[in-house]
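Thanks for coming. Please have a look at the model first.

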Amino acid sequence: MGLSTNVAQDGPEVIKAPSDQRIYQVVHLQNGLSALLIHDPQMAAKPDQSGHSEDESGEDDDEEFDEEEEDDEDDEEEDEAEDDTNGDEESGSDDTKSETDCEDCRNGVHSHDLHDHDDDDEEDESDDDDGSRVAGPGKSGMAPTKKAAAAMSVGVGSFSDPADAQGLAHFLEHMLFMGSSRFSDENEYDNFLSKHGGGSNAFTDTEYTCYHFDVNRKFLKPALERFSQFFISPLAKAEAMDREVQAIDSEFNQVLQSDSCRLLQLMCHTAYEKHPFHTFSWGNKKSLGDQMLKGVDMRGKMLELYKKYYLAGRMKLCILGGEPLETMKDWVVELFGEVKAGGNDKLSFTWQGPIWEKGKFYRVESVKDQHLLSLNWPLPCLESAYLKKPQDYVSHLIGHEGAGSLLSLLKNEGWATALSAGVGEGGYDRSTVGYMFNVNIYLTVVGLDKVEDVVGLLYQYVKMLRDVGPQEWVFNELQAMGMMEFKFAEEESADNYVVRLASNMHLYSEDHIIYGDYAFEEWDPKHVNELLALLNPDNMRLDLVSKQFDRASPNVLIEPWFEVPYTVEDIPESLLSTWADPPSVDPALHMPVANEFIPHDFSIVSPVAVSSGVPDVPKILVDTPLLKVWYKLDQTFKAPRANTYFSITCPAAAESVKASVLTEIFVKLLEDALNETIYLANVAKLESSISLSGDKIELKLFGFNEKLAVLARKIAELYETFVPREDRFKRIKEDLERAYRNTNMKPLKHSAYLRLQILKERFFQADDKLACLSSLKLQDVKDFIPKLFERTYMEALCHGNLTEVEALKIANIFRSSLVKQELPATLRVKERVFKLPTGPCHLVKADVKNKSEDNSVVEMYFQVGQDLGEPSVRTKALIDIFEEIIYEPCFNQLRTKEQLGYRVDCGVRVTHRILGFCFRVQSAKYSPPHLQERINAFIATIHHVLADMSDEEFSNYKEALIADKLERDHTLIDETDRHWEQIWEQRYSFEARKQEAVEVQKLQKSDVLEWFKEYLISGAPSRRKLCVHIWGNNTATGLGDLKGDVPEENITIDNFAAFKSSLELFPPL
């Protein structure tokens, strides 16, 4: 189809927030493709002094960048799992990235490889001490930047998998990355993005498949040229299929031990055979590779699915850039006009009747130590009711945590600790088949024996809602909060934004692509009643996922794909009848009160004149031995939000294992006592958190600012009158026991945990905490609280729509409650790190904690040195540019080519201001010695990668890194977090990224090569190397290919304490 016949037609005007300065336009191509184009004026090219656009000369330079490349792996540079309890991320402390649980498992979303690693180091920026010495943007010439992005959501997913090719849609998604007729190299697309500061990803849902990328804004068009070919002429090379089957199988192995994924697949397996749910959407070697061995023409099936469904009418494209809309429209016509026409009929899957057999109770073995009661009710498809959102009304009430709520009563009975309710965002939760209303209740040990009563109370609450009837005031509150969020919507990252809007194009009218998520326009009590009527036992699926499961029972069944043990019991008819029509409702269950935290004042504090050349950074309002307050008035986002963060240093909290555990108990008890108040504020978008890291309690209040002082006062008042209760102590103790037992269940977290255990001077092991916890009594906590706050020091950051007076008022509310006696600086303990010895590699070995876990991990860590502030800026620039260059080749070699495992990554680590670099591989196929050998082999090639790199390529990497460091904060909280990291680690270099960007610009390729030879190569004079081996179950059972002996001289660390006692500590900063 030529350009002359493929003219774009404009769609309706897109409704946007008043504060949104971006310009939107919907266009329709004649082939049926719809596109949303977004012009961001902050991204537009600025003319230089000669009057030429800074992008003018480089727009079509793309053909120079066709070299071989690789895929940037998994997004989460699941970095330093600082929390000594369970390896979870703790903000502001040590290393900051943590592996997330597979949230997508519940949603049925299966992703390709996350290739964008640029954001991973954002919180690990180990910065410097005197940002005021750095020239501002006008002097350095380095202004904040933004990335361009694009997403294509195709209206077909795993529901369209053939019966003999389960996971085919997911397989096709992988194969589209493997080159096209125009760009035939398999890694051309990802290589191009990597060299220009970008990354890519894709995911397959039940009815949609979404592909997306971000990139340096100047290279948007050449990125789109490569991207568009996914949908015009993919090669789907036969020789790449076996490798991608391995990749999908490795991806599947990552989630084999995820309880949420296991439960979802069990729900699919037990669905009626003809139902769309009755499928295996992940795909693995068995469903794809074995079928190929049996003679199934998988490539033929894949191309058939592509030709049948990948049609322009099912494609929704979203592009965000700085070019004028007319320019982007021309690009869309030029690059996507050749997509095959058709597919204007939206795929729809219907089903009449129940999904599962009525009246069944499924008991499911859990991997984690937990007792999860999961209830699900199928609802009709509510896609067309997005202006009413009746499901949100119901979930708001059933999931409420305030007085009169179901959770409040369950906690008072001692039966549950947490509850969530609502319709999820994934394909199994909302599709044309129908919506799924889910309630998850996390039971206590006592509650485990009260399942019938817990379910009974839930149905009593539903009965109360029916009896009271739909309340318009509740809808009005939801409407007010929805409108408030829409009106003051915060900017998302470019990548996330285009994905969300491309997906919304399938769901909402075109004028509501943005507004549809927030809209509560039509109050429909009849629809609410209809949904409440569907929350009945005949329509319910009931699962109990628990560690307490009898595998020896003769009734145990095994789900075939995840091999999940489960049993099925009949629920007595009498019980179903009681649940359906409870004879009474517990008087403790009632409607919530009106929410006092919903704001009404959205006025903006008047800006303050700032002298030219003065850095726009936090300033000190108060600095005493009791309290230091940093303050910054927001003059960037100009929204009625504020963030107030507090660090309370309590030396007593980290004096011993016992003190650490007692402090954790206190924090959790306090949080529990505050829950009903905090929950109401949270609903009104005024959020809060309380956490513990070492000897610091961190308190955060953030959101709409009008009621911020009200929330602060309520928290302080409750603390001052707080008396721990025996019943709540028992529940919190049980939760902590479970958390300690669940520590290191994931191999990647386990490896980070052991690395930190070696590196950190002060490290309390989870097993020691568990042993200590068992003997603790409530009186121990009561006796400890006064000691905990005997001497304290508070440091605060107040940032946003607050005056100085308001900021000091909030800070003093907490100071008067929590800081009674000063803590001199000399008594504030510094977290310190051991200096690893130079020379041979030191090795730590451990078995996986979960004996059903097949994945092994190797984590290879090189300690570089101490971040001394300004003197270390060049070192930070060097280590960051090294990551920028090496990440892609590392992934390409170890993951794409060698297929060692699904998780392959490398990156900077910062442990209490000690810089390091880490390589990691997780594999269900190979043993740790073999993985270590292959990582070493890759490191040996880095010298050639660097030496052979052209000056132009090196310049591209520098430009990408500089753009990343200068990327604008998307939201107020992004900026607050950036400043808070500096305060938490006591660096106070608020312009560190700008300073590092200046230093990156000065680097030469020879500098990186010399740095590499100094710290990483075998025999390097400053090489300090630590390797962690986590041995998976496959190594014990003989499964998989376990080739490889110990590949280098390793000194095994058998006694951690003895080894650490022989080491020198880095000096305190």
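Covering here goes by contact, meaning heavy atoms within 4.5 Å. Helices are DSSP runs of H or I with at least four residues, strands are runs of E with at least two, and both are numbered from the N terminus.

Before going on, the ground rules: this is a predicted model, where local features need pLDDT of at least 70 and side-chain atom pairs count only at pLDDT 80 or more, while totals for chains, interfaces and linings use all residues. Residues are numbered from 1 along each chain as its sequence is written, and side-chain values use heavy atoms, with hydrogens and water left out.

Back to α4, residues 188–195. It is largely enclosed by the rest of the structure, because 8 of its 8 residues are buried. Buried means under 20% relative accessible area, exposed means over 50%, and partly exposed lies in between, with a 1.4 Å probe and protein chains only. Strand β7 (residues 209–216) has 8 of its 8 residues buried. Which strands pair with β7? Pairing requires that DSSP finds at least two bridges between two strands. Strand β5 (residues 147–154) pairs with β7 in the antiparallel sense over 8 bridges, and Lys147 stands opposite Asn216 there. Strand β6 (residues 199–204) is also antiparallel to β7, over 6 bridges, with Ser200 opposite Phe213. β6 and β7 make a hairpin with 4 residues between them.

Now the nonpolar cores. A nonpolar core is a set of buried Ala, Val, Leu, Ile, Met, Phe, Trp, Tyr and Cys residues joined through side-chain atoms within 4.5 Å. The largest has 119 residues, and Ile441 and Phe814 touch the most other members. Helix α19 (residues 657–683) gives the most to this core, with 14 residues. A second, separate core of 115 residues includes Ala165, Phe230, Met267 and Val545. Leaving out residues up to four places away in sequence, Phe814 touches Phe646, Leu699, Leu701, Ala712, Ile715, Ala716, Met794 and Val819.

Thr444 sits in the loop between β13 (434–443) and α13 (445–448). Its relative accessible area is 0%, so Thr444 counts as buried. The Thr444 side chain reaches the backbone oxygen of Gly414 at 2.6 Å and the backbone nitrogen of Gly447 at 2.9 Å. Beyond four places in sequence, the contacts of Thr444 include His371, Trp415, Arg731 and Glu734.

Glu853 lies in the loop between β24 (841–847) and β25 (856–866). Glu853 is buried too, at a relative accessible area of 5%. Where is Gln257 relative to Glu853? The two are 596 residues apart in sequence, but their C-alpha atoms are 6.6 Å apart in space. The side chains of Glu853 and Asn855 are joined by a polar contact of 2.8 Å. A polar contact is a pair of N or O atoms within 3.5 Å; within protein, one must be able to donate a hydrogen and the other to accept it, and residues adjacent in sequence count only if both atoms are side-chain atoms.

That is the end of my part.
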